[in-house]
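Student: I am new to this structure. Can we go through its charged side chains together?

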Amino acid sequence: MPLPPAFESFDPKDIRTQYAALCYRVVNDKIRVLLITSRGTKRWIVPKGWPMRGKAPHEAALQEAREEAGVIGRAYPDPLGQYSYMKLLDNGVEVPCIGLLFAVHTRLLKTEYPEANERDRKWFSRKKAAKRVDEPDLAALIRTFDPRQLG
């Protein structure tokens, strides 16, 4: 996938990749999207994390959804698309990141999960979820997401 225009000034080797989960369910024929808050700024985001040794990208996204939101479900192997953002690392440095977004059909939300005390989680309509996230590319992916188009 091509680099987003905002990242063209960065050296490609400085751009990191994270795997993100678009957790969804369908209730009464309505698509609902799960957002969580970030730990630091409490902004609404999707679960995401770094590549994991021995896990395919969609499996890593599902693992992050499990840890950050208590999601039990199935991740689809083909990415829905990508979005760009600046990630604030624990050391205070901001790095450019590409998030590869994977659909995760959510069957169950656990009440106890590793980051339960650090984050809030909430179901939204696609339209409201798209308005809550800060990244325009992510908002567009959420707004146009249709699980009927998954393979």
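Student: Is Glu115 buried or exposed?
Tutor: This is a predicted model, and the value is computed from it. Glu115 has a relative accessibility of 11%. Buried means under 20%, so Glu115 counts as buried.

Student: How many residues apart are Arg39 and Glu115?
Tutor: The two form a salt bridge, with the closest N and O atoms 3.7 Å apart. Arg39 sits in the loop between strands E2 and E3, and Glu115 in the loop between E7 and E8. The pair links distant parts of the chain, and the separation is 76 residues.

Student: Which residue forms a salt bridge with Arg43?
Tutor: Arg43 is partly exposed, at 31% relative accessible area. The side chains meet at 3.5 Å, N to O, and the partner is Glu135.

Student: What does the whole structure hold in salt bridges?
Tutor: Some share partners: one network joins Arg39, Glu68, Glu115, Glu118 and Arg119. A search of the whole structure gives a total of 8.

Student: Which helix gives the largest share of the positive patch?
Tutor: The patch is a surface one, and Lys127 is among its residues. Lys127 is exposed, because its relative accessibility is 58% and the cut-off is over 50%. The largest share, 4 residues, comes from helix H2.

Note on methods: Residues are numbered from 1 along each chain as its sequence is written. This is a predicted model: local features need pLDDT of at least 70, side-chain atom pairs count only at pLDDT 80 or more; totals for chains, interfaces and linings use all residues. Side-chain values use heavy atoms; hydrogens and water are left out. Patches are made of residues with over 30% relative accessible area and no salt bridge: like charges are joined within 9 Å, nonpolar side chains (Val, Leu, Ile, Met, Phe, Trp, Tyr) within 5 Å. Accessible areas come from the Shrake-Rupley method with a 1.4 Å probe; for residues, only the protein chains shown count as cover. A salt bridge is a side-chain nitrogen of Lys or Arg within 4 Å of a carboxyl oxygen of Asp or Glu. Lys and Arg count as positive and Asp and Glu as negative; His and the chain ends are not counted. The place of a charge is taken as NZ of Lys, CZ of Arg, CG of Asp or CD of Glu. Helices (H or I, at least four residues) and strands (E, at least two) are DSSP runs, numbered from the N terminus. Buried means under 20% relative accessible area, exposed over 50%, partly exposed in between (1.4 Å probe, protein chains only).
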